[in-house]
Amino acid sequence: MNPHTPSAPSPLETAPAEITETQAFTRAWVVFLLLFLGVLALLWASDALFG
C-alpha cells in the first residue's frame, strides 16, 4: 500500500499570523451567538416533538 500523504496544507500554514484584539472579541461573540442559537433550536425542536 502507498503511504498516505496529506494534500492539504497544515492548519498552521493557513492560519493568519496575528489576530487583533477586536477580531478575537468579534469571533468570541459570533461563537457565543451561534452556540446560543443552537441551544434555542434544540429546545424548540424538543418542545415541538415532545411537548
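# Rings along a helix

Guide: Ring pairs link Phe25, Trp29, Phe32 and Phe36 into a cluster. Rings of Phe, Tyr and Trp (its six-membered ring) pair if their centres lie within 6.5 Å; planes under 30 degrees apart are stacked, over 60 edge-to-face, the rest tilted. This is a predicted model: local features need pLDDT of at least 70, side-chain atom pairs count only at pLDDT 80 or more, and totals for chains, interfaces and linings use all residues. Residues are numbered from 1 along each chain as its sequence is written, and side-chain values use heavy atoms, with hydrogens and water left out.

Visitor: How many aromatic pairs does the structure hold?

Guide: Three. In one of them, tryptophan 29 and phenylalanine 32 sit edge-to-face, 5.6 Å centre to centre with 85° between the planes.

Visitor: How far apart are tryptophan 29 and phenylalanine 32 in helix H2?

Guide: About one helical turn, because they are three residues apart. Phenylalanine 32 also pairs with phenylalanine 36: stacked, 6.3 Å centre to centre, 20° between the planes.

Visitor: What about the whole fold? How many helices and strands does the protein chain have?

Guide: Two helices and zero strands. These are DSSP runs, numbered from the N terminus (helices: H or I, at least four residues; strands: E, at least two).

Visitor: How much of the protein chain counts as buried?

Guide: 0% of its 51 residues. Buried means under 20% relative accessible area, exposed over 50%, partly exposed in between (1.4 Å probe, protein chains only).

Visitor: And phenylalanine 36, what is its relative accessible area?

Guide: Phenylalanine 36 has 45%, so it is partly exposed.
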